[in-house]
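Try each one yourself before reading its solution.

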Amino acid sequence: MDDDKTKEGLGSISRREFTIGSVAILGATSAAGQTAKPITPLQVKPGTPASTAPAKINTPPVSAAAKTIRITVNTWKYEIQVEPEWVLRDVLREQLGLLSIKDMCNGYGACGSCTVIMDGRPILSCMTLAIECDGGTIETAEGVAATNPQLIEAYVMNHCMQCGYCTPGFVVTAKALLDRKQKPEEQDIREALGGNICRCGTYPQHLIAIREATGQP
Ligand code: FES
Ligand code: FES
């Protein structure tokens, strides 16, 4: 089939092109209005090739109290120096440039927009010290876009986002649910997404999209 080019009203843009563009926008949303830090290469040892290479790598100066952690993020392996008080959200966003990770509640653990998957479980990266993540395997929305494009496509085509700020957190939480339950019931989805807040009120669309992504009516 012709990738539904005109059927979905997207003009000459295919569903997949539209999806990829939307994911890029999700990642870029939070960059607006922030002062860019100098980017320096380094300290990072790339491991297995991945389809979601980080957009940038930044290594701010650290004190003598800093420790080196080894983490795998979206299949890439890193060695990063972190201060004891740094939270995972800031390391992933500011050092690895993974801008899908958001902060809708000033890091109070109340919104779910900073959710990432670590060792198979969704966690709030704003409430997790980076230094505790040594040895961890982490997946962000950028990784989900590469490994589960049908979920992203279902999100886009069902209009799960308005401003889009909360969406990566929802996507990551949904991916964690699908990793443990391939065909979740509506109640499973409601419970899994219970910690994710959307100020635009897109909640009903997530139920539709996740079921659609798993081939359920
Ligand atoms: S930024 Fe709101 S829960 Fe982490
Ligand atoms: S789409 Fe705007 S906060 Fe959820």
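**Exercise 1.** Find the bridge partner of Thr115 in β4, then work out how β3 and β4 pair.

*Solution.* Start with Thr115: its partner in β4 is Leu124. Next, zoom out: β3 (residues 115-118) and β4 (residues 121-124) pair in the antiparallel sense over 4 bridges. Strands here are DSSP runs of E with at least two residues, helices are runs of H or I with at least four, and both are numbered from the N terminus; two strands pair if DSSP finds at least two bridges between them. Finally, look at the hairpin: 2 residues sit between its strands, and Asp119 takes a positive phi near 50°.

A quick note: this is a predicted model, where local features need pLDDT of at least 70, side-chain atom pairs count only at pLDDT 80 or more, and totals for chains, interfaces and linings use all residues. Residues are numbered from 1 along each chain as its sequence is written, with chains lettered from A and ligands numbered from 1 in the order in which they are written.

**Exercise 2.** Sort the residues of β3 by the way they point.

*Solution.* Thr115 and Ile117 go one way, Val116 and Met118 the other. All four are buried (20 or more other C-beta atoms, placed from the backbone, within 10 Å of the residue's own; exposed is 12 or fewer, partly exposed in between).

**Exercise 3.** Is Tyr108 buried or exposed?

*Solution.* First locate Tyr108: the loop between α2 (88-95) and β3. Tyr108 is exposed because it has 11 other C-beta atoms within 10 Å.
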